Amino acid sequence: MNSKQRAYLRKISAMEPPVFQVGKSSVTPEFTAAIDEALEKRELIKLSVLKNCLDAPREIARTIADRTHAVVVHVIGRKIVLYRPAKNEKDRKIILP
């Protein structure tokens, strides 16, 4: 993913509310499965890391991206944005420049 595509995805995600919150239990297999389902439906999701979570947001983003085969668009503060294109080209909602 190049910088132009990343900037486009950041622009889209700016006004989106967080879909998931990462709490003190951090990243569990059930949580990863839920994120995987959300990525199939939406392609682009935003997560919020709560203050009671002891792990660093960048580390959490890397772990989730590895487990779901997604791309970390960006991490700002305690917000994480992930992107994974739909498997079928017909189902893609976001078309990257």
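This section describes the cores, helices, strands and selected residues of a predicted model. Residues are numbered from 1 along each chain as its sequence is written, and side-chain values use heavy atoms, with hydrogens and water left out. Because the model is predicted, local features need pLDDT of at least 70 and side-chain atom pairs count only at pLDDT 80 or more, whereas totals for chains, interfaces and linings use all residues.

Helices (H or I, at least four residues) and strands (E, at least two) are DSSP runs, numbered from the N terminus. A residue is called buried under 20% relative accessible area, exposed over 50%, and partly exposed in between, with a 1.4 Å probe and protein chains only. A nonpolar core is a set of buried Ala, Val, Leu, Ile, Met, Phe, Trp, Tyr and Cys residues joined through side-chain atoms within 4.5 Å.

The largest nonpolar core contains 19 residues. Those with the most contacts inside this core are Phe31, Ile35, Leu47, Ile60, Ile80 and Leu82. At least two core residues come from each of β1 (20–22), α2 (29–42), β2 (44–49), α3 (57–68) and β4 (79–83).

Helix α1 spans residues 3–13, and its buried residues are Gln5, Leu9 and Ser13. These residues lie on the same side of α1 because they cover an arc of only 70 degrees around the axis, the arc being that of the directions from the helix axis to the C-beta atoms. Ser3, Lys4 and Lys11, on the other side of α1, are exposed. The cover over the buried residues of α1 includes β2, β3 (71–76) and β4. At the start of α1, a side-chain oxygen of Asn2 comes to within 3.2 Å of the backbone nitrogen of Lys4.

Helix α2 has 14 residues. From its first C-alpha to its last, α2 reaches 20 Å, close to the 20 Å expected at 1.5 Å a residue; the expected span is 1.5 Å times one less than the number of residues. Phe31, Thr32, Ile35, Ala38 and Leu39 are the buried residues of α2. They cover an arc of only 120 degrees around the axis, which puts them on the same side of α2. On the other side of this helix, Pro29, Glu30, Glu37 and Lys41 are exposed. The buried residues of α2 pack against β1, β2, α3 and β4, where contact means heavy atoms within 4.5 Å. Glu43 follows α2 and has a positive phi, near 75 degrees.

Strands are said to pair if DSSP finds at least two bridges between them. Strand β4 pairs with β2 in the antiparallel sense over 5 bridges, and Ile80 in β4 is the bridge partner of Leu47. Strand β4 also pairs with β3 in the antiparallel sense, over 5 bridges. Here Val71 stands opposite Tyr83 in β4. The hairpin of β3 and β4 has 2 residues between the strands, and Gly77 in this hairpin takes a positive phi near 60 degrees. Strand β4 is mostly covered, with 4 of its 5 residues buried.

Ala38 is found in helix α2 and is buried, with a relative accessible area of 12%. Leaving aside neighbours within four places in sequence, Ala38 is in contact with Phe20, Glu43 and Ile45. Ala38 and Phe20 are 18 residues apart in sequence, and their C-alpha atoms are 9.5 Å apart in space.

Cys53 is placed in the loop between β2 and α3 and counts as buried, at 5% relative accessibility. The C-alpha atoms of Cys53 and Gly23 are separated by 5.1 Å, while the two residues are 30 residues apart along the chain. With neighbours within four places in sequence left aside, the contacts of Cys53 are Val22, Gly23, Lys24, Ser26, Ile60 and Arg78.

Arg84 lies in the segment after β4. At 11% relative accessibility, Arg84 counts as buried. A polar atom of the side chain of Arg84 lies 2.7 Å from the backbone oxygen of Thr68. Not counting residues up to four places away in sequence, Arg84 touches Asp36, Leu39, Glu40, Glu43, Thr68, His69 and Ala70.

Terms used. A polar contact is a pair of N or O atoms within 3.5 Å; within protein, one must be able to donate a hydrogen and the other to accept it, and residues adjacent in sequence count only if both atoms are side-chain atoms.
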